[in-house]
Amino acid sequence: MSKLDLHGIRHHEVPRKVDIFLGEHMQKGTNEVKIIIGHSDQMKNIVDKVLTDYGLTSEYGYISKSELIVKL
């Protein structure tokens, strides 16, 4: 599964990074991606806002709440 790790990324840079990542994988026909958010509620909220723009939602990873699984 393809993943985007947002550790070390400033919050104001996150929407663009997520937008580019999602766009690339939607064009490739990828079914599911993983976004690593760490334990930041603010980071999750930023990512969820971008996902909403795409009409997508996320679920926490099976092992850890520091990652989000997004079905494309």
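Predicted model: local features only at pLDDT ≥ 70, side-chain atom pairs only at ≥ 80, totals over all residues.
User: Which strand pairs with β4 over three bridges, and in what sense?

Analyst: That is strand β3, residues 58-60, and the sense is antiparallel. β3 and β4 also form a hairpin, with six residues between them.

User: How many bridges link β2 and β4?

Analyst: Five, and the pairing is antiparallel. Strand β2 covers residues 32-36. Look at isoleucine 36: glutamate 67 in β4 stands opposite. So β4 pairs with β2 and with β3, by the two-bridge rule.

User: Is strand β4 mostly covered or mostly open?

Analyst: Start with the cut-off: buried means under 20% relative accessible area. Strand β4, residues 67-71, is mostly covered, with four of its five residues buried.

User: Take glutamate 67. Is that residue buried or exposed?

Analyst: Glutamate 67 lies in strand β4. Its relative accessible area is 15%, so the residue counts as buried.

User: Which residues does glutamate 67 touch, leaving out those up to four places away in sequence?

Analyst: A contact means heavy atoms within 4.5 Å. Glutamate 67 touches Lys34, Ile35, Ile36, Ile37, Glu59, Tyr60, Gly61 and Tyr62. Among them is Ile36, the residue that stands opposite glutamate 67.

User: Now the whole chain. What pattern does the protein chain follow along the sequence?

Analyst: Read the elements in order: β-α-β-α-β-β. That comes to two helices and four strands.

User: What share of the residues is buried?

Analyst: Of the 72 residues, 38% count as buried. The accessible surface is about 4700 Å², and carbon and sulfur atoms account for 47% of that surface.

User: What share of the contacts joins residues at least 24 apart?

Analyst: Take contacts between residues at least 6 apart in sequence. Of these, 62% join residues at least 24 apart.

User: How many positive and negative side chains are there?

Analyst: There are 10 positive and 10 negative side chains. The centres of the two sets lie 2 Å apart.

How values were computed
Residues numbered from 1 in each chain as written. Heavy atoms only, no water. Buried < 20%, exposed > 50% of the residue type's maximum accessible area, 1.4 Å probe, protein only. Areas by Shrake-Rupley, 256 points an atom, 1.4 Å probe, with all protein chains shown as cover. Lys, Arg positive; Asp, Glu negative; His and termini not counted. Charge placed at Lys NZ, Arg CZ, Asp CG, Glu CD.
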